[in-house]
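Let's take a walk through this one, pocket by pocket and helix by helix. Have the viewer open and follow along.

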Amino acid sequence: SVELYPRRKDEELEALTARFLADGQGNLDVEALSKRLVFGNGASELIDLLGRTAPPGPFCAGPHVEVQYKEYEKACKLAGREVASTPKDASVICLMNPNSPTGDYMGRTEMEAWIESHASPGTWVVVDESHLCFKGPEWRDHGLSMAFIDRMATLQIPIFIVKSWTTIFACPGLSICSIICPSESKQKLLSQAQVSGSVSDFARRYLKAAFQDSDYLDRTWGAMPRWRQHMATRLQRLHPTWEIKGEPWLPFLWIDTKDEKVAKQIYLASLDCGCPIRWADYGYGKPSHLRLAVRRPYDFSVLYQAMLQLETQSRQRSISFGTYADVQPSVVEGVRLVHIDDLLPHEQVLTDRAGKLQDYIRDLPVKILPAIIVDSKYQVVIDGHHRLELFRAAGMSIVPAVSVNYHHDDVLVNPPSKDNGITKETVIGSAVRGKLMTPKSTQHMVRSRGGALLPIIVLAPQIAEIQSHH
């Protein structure tokens with residue numbers, strides 16, 4: 001059943017959380033750890049609680065980074081605190097490791113040394129380690145150690161660890177966060193100042209299940225670095241001067257575009273395409289910076305397509321297309337802008353043929369050629385290897401491509417008269433592995449709705465009015 005007023009103390013949740021935090025940490029006392037936990041309705045509630053409850057006096061937020069998540073500063077100012085001139089003068093120091101939004105990260109030894117050299121006796125130190133969980137199965141070995149926290153407590157420097165579970169467990173609609181307090185007495189102090197019943201019964205049940213789903217975390221740890229690299233590679237290709245910051249396992253990218261106008265244009269384009277990103281002018285006063293959440297490649301492709309279109313417009317190009325041949329609609333998925341370095345050729349090119357093609361159009365101010373045809377899933381070039389080399393030689397990094405459903409029955413690798421044993425799996429495998437076949441190993445065909453077999457180039461509309469960079 002769902003309780004109208006959730007219990008303030010949930011021993012099952014405390015035990016599961018403590019076991020999750022202590023997993024692989026040797027002789028850490030799980031029962032003792034469970035008694036040092038405070039839960040709240042998301043990070044904002046607990047950050048506010050810490051700002052209100054810490055000893056009176058000034059605060060210091062993120063002194064070691066360019067900018068930091070503003071909720072800590074907001075909470076401290078609402079509690080009537082002034083900004084301390086140095087960490088040594090602060091009654092409460094608020095740190096994030098890894099830092100949001102910049103992605104700055106200190107290892108355990110470095111962070112512990114920083115705290116020991118900058119915090120004064122009587123100062124509360126708050127360390128938000130919410131994104132550390134993304135580091136992988138050994139993440140617990142990289143945060144502040146309980147031995148260090150216990151030792152600092154004897155020096156009258158209490159350390160509070162904030163763990164928001166919303167991002168790692170993908171539950172923004174069920175906000176839930178916890179604090180590891182330095183002692184049971186500090187846990188009681190925070191609990192007494194907390195609003196009762198703030199954590200919903202739904203959030204509690206979700207988190208209990210999430211802690212026990214090891215498969216989800218394994219998949220997250222495996223996918224996150226790949227997805228982030230996928231995004232970073234394409235962004236860097238499109239904008240080589242951009243500076244992309246953050247650890248490779250983080251669920252976001254902090255990007256300095258070096259240009260306020262470009263950053264704003266991309267932010268607005270992201271809203272238009274339904275894949276919003278954060279423009280750092282709002283809140284952080286960094287108008288040339290963007291913060292992008294790591295997304296699945298399929299989801300990121302929506303934003304990437306919008307960015308490609310924006311880049312094409314900025315280069316004052318216009319692109320017009322012809323029409324398709326009469327084939328089943330399910331064969332062609334559409335015409336999309338692609339970065340040529342994202343495309344995977346499956347066969348080598350004939351150097352003399354590529355050279356002749358370049359000679360033919362070298363002196364033309366406008367290039368008019370059929371578009372490249374690619375497999376929609378892997379972006380393998382199906383037809384247009386020589387045209388691709390021509391575009392590359394002309395300095396054209398963004399070109400339209402016809403995206404086809406390569407595994408459609410109406411798409412053939414070769415005409416029936418040329419059965420050389422090459423299959424679609426062979427084509428995809430050669431491209432993905434980089435083991436290119438000899439030139440003209442394939443002669444792709446497509447079947448019209450009338451049953452006629454046609455060269456697949458009939459699917460390629462003419463690319464017109466793309467100006468040369470020479």
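Start at helix α12 (297-314), which gives the most to the lining of the second largest pocket, with eight residues. Helices here are DSSP runs of H or I with at least four residues, strands are runs of E with at least two, and both are numbered from the N terminus. Before going further, bear in mind that this is a predicted model, where local features need pLDDT of at least 70, side-chain atom pairs count only at pLDDT 80 or more, and totals for chains, interfaces and linings use all residues. Residues are numbered from 1 along each chain as its sequence is written, and side-chain values use heavy atoms, with hydrogens and water left out.

Back to that pocket. A pocket, worked out on a 1 Å grid over the protein atoms alone, is an open set of points with protein on both sides within 12 Å along at least five of seven lines, and lining residues have an atom within 4 Å of a point; a cavity is a set where a 1.4 Å probe fits but cannot get out. Grid points are joined across faces, edges and corners, and a volume is the space filled by probe spheres set on the points. The second largest pocket holds about 700 Å³. Its lining counts 26 residues, and P297, S301, S376, K377 and Q379 sit nearest the centre. Besides α12, the elements giving two or more residues are α9, β11 (332-339), β13 (372-375), β15 (398-404) and α15 (424-433). By type, the lining splits into 14 nonpolar, six polar and six charged, where Ala, Val, Leu, Ile, Met, Phe, Trp, Tyr, Cys and Pro count as nonpolar, Asp, Glu, Lys and Arg as charged, and the others, Gly among them, as polar.

S376 is worth a click. You'll find S376 in the loop between β13 and β14 (381-383). Its relative accessible area is 29%, so S376 is partly exposed; on this scale buried means under 20%, exposed over 50%, and partly exposed in between, with a 1.4 Å probe and protein chains only. Not counting residues up to four places away in sequence, S376 touches E333, S403, V404 and N405, contact meaning heavy atoms within 4.5 Å. I93, for its part, is 283 residues from S376 in sequence and 51 Å away in space, C-alpha to C-alpha.

Helix α9 (214-238) supplies the largest share, six residues, while α3 and β10 (289-293) each supply at least two.

S164 counts as buried, because its relative accessibility is 11%. Leaving aside neighbours within four places in sequence, S164 is in contact with A43, S130, I176 and C177.

I47, L50, G51, Y72, A75, C76, V92, C94 and V126 line it, with α3, α4 and β3 (92-96) each giving two or more of them. That lining is made of eight nonpolar residues, one polar and no charged.

Finish with a helix pair. The axes of α1 (residues 11-22) and α8 (residues 201-211) come within 10 Å and cross at roughly 35°; axes are lines fitted to C-alpha atoms, for helices over the stretch in contact, and angles run from 0 to 180 degrees between N-to-C directions. On the α1 side the contact uses E12, L13, L16, T17 and F20, and on the α8 side R204, L207, K208 and F211. Sorted by type, these contact residues are five nonpolar, one polar and three charged.
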